Amino acid sequence: MADSTSLIVNKEAKGGWNAAVFIMVVEMTERFAFYGLASNLMTFLTNELGQSTATAAKHINLWLGVSYLFPILGAFLADSILGRFKTVLLSSFVYLLGMVMLPLSVTVVGPRMREKAFFLALYVMAVGEGGHKPCVMTFAADQFGEGSAEEKATKTSFFNYWYLSIVLGSSIAVLALIFIQERVSWSAGFSVIAGSVVIAILIFLIGIPRYRKQIPVGSPLTRVAQVIVAATRKWRLSTTRHHYGICYEEGTEEDKSLESTTNAHLLARTNQFRFLDKATIIDEVDNTSNKSRNPWRLCPVNQVEEIKLILRLVPIWISLIMFCATLTQLNTFFLKQGSMMNRTIGDHFTIPPAAFQSIVGVTILIVIPIYDRVFVPNVRKITNHHSGITSLQRIGVGLFIATFNMVVCGFVEAKRLRVARDHGLIDSPKVVPMNSLWLLPQYILVGIGDVFTIVGMQELFYDQMPENMRSIGAAIFMSVVGVGSFVSTGIISAVQTISKSHGEEWLVNNLNRAHLDYFYWVIALLNAVSLCFYLFMANRFVYKKVQDKDDGVEGEREE
């Protein structure tokens, strides 16, 4: 299927797994670079730059937040001006620039300017991420069609294996790069990261002859604005009387250009957000006009339904913020918690705290094939749904797991604090004689939760967006991760302020005196509230419905 932002040339000869595999390898390599930096950033900021635990956590959350918000701009440029292929390519070079600046910041730059140079490199990378993140996934998904149930099932498998490639890259980074950074040097580790981005760009270029490429058709946000303006101008009109009918056909040259690039289906009318339906009413001015349809006064049904798709996703987006705030603990407090536990193997080998993140990756690498090859086919026989369960059901399972996991984290940390008290280590920031294997459950649960929630989010924000806004859909999905990082920073600040005002600050540098367990339980409570809100909104969600263009009846089917 051609994405409606584009004109696909030689569809039969291009696309499919033969093209997508190149893009998946590129993403795996790029994620190797990103997680090779992010997974051990807490250690670098606290040990090398001398920042406190809370300050470093805030800086990491801020950087992650910006990295996941820039994709909104990148997606807009891709869908309206550059196209996804060019956006991925150009942003990759910007990303490479930031990666090259990293080793230079710790070798060439003097100690007094090192922190500023390092953060400058981080935010140059964030700009590059802005174009890469929202477009590379949608560009890969565009290589597959959606015209039949079999093609939809293939695309569902694609989203599973897409996330699998991300996890594979990040797991290799956690297992390999952390040891280079801590046992060789940080500059060597950062240099390996920069080299991996060079390899990713070369692989992407090699795959060019196989790709289905898209030509952008103009700003999709203009169509959003047209519906809002048209509905507002006709707010007094009734949808049942005093009009000359409903506009179903695309009438302007822009509409016809867009229609020529879309698939064989139109969106069916729905009853939600009925105020927007006023934009489709043909009034006396529209009926007597000799000119072509004014898109700022009259919009076709399909255009209005596109805007409804976006509005339906807003409450789901809001309900996912706390889940994403929870994910940030993996790169911050999980790491510091592990650093205060016994990680030795034998007499001479000590596991780096960040290496425990590989458990998440290994869990995902095991669970995704089981989910795709065992769970989905068997459940599909019961539900008759091409994905086994819907995207919203999949996300809901993941949200429950994440909430339960934070409760588990709190109990593990409470036990660690009891051991610290029993050994007189409350006032001493030393490693507690408690085996780090106690951390396994929380890392495994993070991996299982991600298989359900993250992949479900990717699929939902791709499938349920208007087809000419799918890069923006991916950016919206990623922006919730960014907002979640900012929310996590806000929660940390609030917890510090409130706990300090009551006499005992929870998040002090000495974790043996801190109350990280209380913090985890606060996150669990907020997750539980967010889960209830999600279930309420998901139960009222209306999935995209389409009808054949050539079908005069309302033969609706759910996508």
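**Helix packing and core: a quick chat**

Modeller: Starting with H17 and helix H18 (residues 470-501), their axes come within 8 Å and cross at roughly 145°. Axes here are lines fitted to C-alpha atoms, for helices over the stretch in contact, with angles running from 0 to 180 degrees between N-to-C directions. Helices (H or I, at least four residues) and strands (E, at least two) are DSSP runs, numbered from the N terminus.

Colleague: What should I know about the model and the numbering?

Modeller: It's a predicted model, where local features need pLDDT of at least 70, side-chain atom pairs count only at pLDDT 80 or more, and totals for chains, interfaces and linings use all residues. Residues are numbered from 1 along each chain as its sequence is written, and side-chain values use heavy atoms, leaving out hydrogens and water.

Colleague: Which residues of H17 and H18 make the contact?

Modeller: From H17 they include Ile-454, Met-457 and Phe-461, and from H18 they include Ile-476, Phe-477 and Val-480. Contact means heavy atoms within 4.5 Å.

Colleague: OK, what about H16 and H17? How do they pack?

Modeller: Helix H16 (residues 391-422) and helix H17 (residues 440-463) have axes 8 Å apart, at an angle of about 155°. They are therefore roughly antiparallel (angles over 145 degrees; under 35 is roughly parallel, 65 to 115 roughly perpendicular, the rest oblique). H16 passes H17 in a left-handed crossing.

Colleague: Switching topic, which residues have the most contacts inside the largest nonpolar core?

Modeller: Leu-37, Trp-63, Phe-118 and Phe-519, in a core of 158 residues. Such a core is a set of buried Ala, Val, Leu, Ile, Met, Phe, Trp, Tyr and Cys residues joined through side-chain atoms within 4.5 Å. Helix H6 (residues 111-141) gives the most to this core, with 13 residues.

Colleague: And what does Phe-118 touch?

Modeller: Not counting residues up to four places away in sequence, its partners include Leu-37, Phe-44, Ser-105 and Phe-190.

Colleague: Last one: is Ser-91 buried or exposed?

Modeller: Ser-91 counts as buried because its relative accessibility is 7%. Buried means under 20% relative accessible area, exposed over 50%, partly exposed in between (1.4 Å probe, protein chains only). Ser-91 sits in helix H5 (residues 84-107) and, leaving aside neighbours within four places in sequence, contacts Gly-128, Gly-131 and His-132.

Notes: A crossing is left-handed if the near helix is turned anticlockwise from the far one by less than a right angle, and right-handed if clockwise.
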